[in-house]
Amino acid sequence: NTDLYTAEEFMGDNLDKLSSICEFTVSSPDLIENMNNKNLKNLKNILLLTKKSSGADFVTLFDDEGNVVLRSNNDNYGDREFSNYIKKVLNGSNITATIILDENTVKKENLENKTIIYIDNNSDFIPHDMENKSIEYKSLALLSIKPIYDNDTGKIIGALLISKVLNKDTHIVDKIKSATKDTSTIFLGGLRISTNVQENHKRAIGTFVSQNVYEQVIEKGEIFCA
C-alpha cells in the first residue's frame, strides 16, 4: 500500500507540473495579445515552446467557441476535439486529469508512433475486449486544460490544453521503482502500456495482467494484494 501511495504521488507530481505550466502559459501577455491579434505564427511558437518546457507530447489551442486554433504537432485546425472538456473550461473550469485518448484523437495529434502498442496474444489470459486484437492505439494520458482570459475585459477568449502520453513512457515507472525498489507497471485496462517488468530481456509492454488481478482490480475496482 505504501508503494501504491508513492506511485500515486509521482503521478500527481507530473499532473501538477502540467497544470503549473498550463497556468503560466495562459496568463502570459504574449499568448493573450497574439490570441486577440490572431497571429498564428507567434501562437505556434508559443505552443512549441510550451511543449518543450513541459515535456508534453502535444499542446493544443482553442478559441472561445471550442474550435481548434492550432496544434503543436501539425498544421491541422478547425475541428472541435475534446468538446466535452473544452465546454466546461470555456465556462470557467480548470481540468487536470488522467484520461484515455481514443484512436481518433491519437491520429489528429500525430501520436501514432508514440502510442502504438503491439499486443502479445500469447498470454495465458486475454481480456474479452482485447481478443483478436493485435495493435492498441488508444493511450492513457496526463492532461491539463485551462481557460485563457483577456486581461482587459476579463472574458474567456480561448483555452489551452497540454498533455503527456503514458504509453511506452519509462520515466514514471522507473522513478517509482527507484523509490520503492519494486517493479511497477501502468495498465490501460488489462494491457501493460508502461513497465519495468522484464520478459525475454525487454520491457513486457503489450502483455496482459493476470486474470485474477484483472477481475479484482479492473472489473471490481478493488485493490489486489498477494
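Is Ser139 buried or exposed? Ser139 is buried, with a relative accessible area of 0%; buried means under 20% relative accessible area, exposed over 50%, and partly exposed in between, with a 1.4 Å probe and protein chains only. The model is predicted: local features need pLDDT of at least 70 and side-chain atom pairs count only at pLDDT 80 or more, while totals for chains, interfaces and linings use all residues. Residues are numbered from 1 along each chain as its sequence is written, and side-chain values use heavy atoms, leaving out hydrogens and water.

**Sheet**

- Five strands make up an open, antiparallel sheet in the order 2-1-7-6-3; strands (E, at least two residues) and helices (H or I, at least four) are DSSP runs numbered from the N terminus, and two strands pair if DSSP finds at least two bridges between them.
- Strand 2 (68–71) and strand 3 (95–101) are at the edges with a single partner strand each, so one side of each has no neighbour in the sheet.
- On average, neighbouring strands of this sheet are turned by 25° against each other, direction ignored; axes are lines fitted to C-alpha atoms, for helices over the stretch in contact, and angles run from 0 to 180 degrees between N-to-C directions.
- Helix 1 (residues 2–26) packs on the sheet and touches strand 3, strand 6 (139–149) and strand 7 (156–165); contact means heavy atoms within 4.5 Å.
- The direction of helix 1 makes about 30° with that of strand 6.

**Strand 1**

- Five of the six residues of strand 1 are buried, so the strand is largely enclosed by the rest of the structure.
- Strand 1 (residues 58–63) pairs with strand 2 over three bridges, and Phe62 stands opposite Val68.
- Strand 1 pairs with strand 7 over six bridges, where Phe58 has Ser163 as its bridge partner.
- Four residues separate strand 1 and strand 2 in their hairpin, and Gly66 in the turn has a positive phi of about 90°.

**Surroundings of Ser139**

- Ser139 belongs to strand 6, and its side chain makes a polar contact with the side chain of Asn167 (3.1 Å).
- A polar contact is a pair of N or O atoms within 3.5 Å; within protein, one must be able to donate a hydrogen and the other to accept it, and residues adjacent in sequence count only if both atoms are side-chain atoms.
- Not counting residues up to four places away in sequence, Ser139 touches residues including Ile99, Thr115, Val165 and Leu188.
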